[in-house]
Amino acid sequence: MSLESDRWTDLHALTKREGDLQLWALVATLAFEPPEGAPEEPVEAWLWLELEDGWEVWLDDRRLSRALRRQAAINGDVRIPLELTPGEHRLVVLVEDAYGVAAFGARLTDTANGAPPAGLEAWAVAPD
């Protein structure tokens, strides 16, 4: 399954699982490898989310953000700061679908809202 690349994805339509009062778990790997010659220091980035209802965001088993809301505008206004040490990290986003669509969109930027920091990659693989 692939998410929309230029806008949020309706998880109902993507999975063909309609209905409200659902909880979705989306999992990705974030990997940071400092560019050659750069110091082995953590990198800061922002995770931007497009959501309608509530959420929880976890990185390496540590909760970074949690909010409860209902049928809010889906405008990408959720910003979560990340600090990533070199290596791989597990990102888990729990998306609440209380009512309406099951909206989910995500993007990574640097702390100036530009391209992701050099050496930062993200990927997700759906379970079999």
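Is Arg63 buried, exposed or partly exposed? In this predicted model, Arg63 turns out to be partly exposed, with a relative accessible area of 41%.

Glu56 itself counts as buried, because its relative accessibility is 18% and the cut-off for buried is under 20%.

Put together, Glu56, Arg63 and Arg66 are linked in a network of salt bridges. As for the background, side chains of opposite charge can pair when their charged atoms come close.

The structure holds 3 salt bridges, and one of them joins the side chains of Arg69 and Asp77, at 3.7 Å from N to O. Here Arg69 is buried, with a relative accessible area of 19%. Asp77, on the other hand, counts as partly exposed, at 43% relative accessibility.

Now for the strands. An open sheet is built from 4 strands in the order E1-E8-E3-E6, and their pairing is antiparallel. Strand E1 (9–10) and strand E6 (78–84) stand at the edges; each has a single partner strand, so one side of each is left without a neighbour in the sheet. For E1, the partner is strand E8 (residues 103–109), which runs antiparallel to E1 and is joined to it by 2 bridges. Within this pairing, Thr9 stands opposite Phe104 in E8.

Another strand to look at is E2 (residues 22–32), where Gln22 lies. Which residues does Gln22 touch, leaving aside its neighbours within four places in sequence? Gln22 is in contact with His12 and Arg17, and also with Val95, Glu96 and Asp97. Gln22 can be compared with Tyr99 as well: the two are 77 residues apart in sequence, yet 8.9 Å apart in space, C-alpha to C-alpha.

Conventions
Residues are numbered from 1 along each chain as its sequence is written. This is a predicted model: local features need pLDDT of at least 70, side-chain atom pairs count only at pLDDT 80 or more; totals for chains, interfaces and linings use all residues. Side-chain values use heavy atoms; hydrogens and water are left out. Two strands pair if DSSP finds at least two bridges between them. A salt bridge is a side-chain nitrogen of Lys or Arg within 4 Å of a carboxyl oxygen of Asp or Glu. Buried means under 20% relative accessible area, exposed over 50%, partly exposed in between (1.4 Å probe, protein chains only). Contact means heavy atoms within 4.5 Å.
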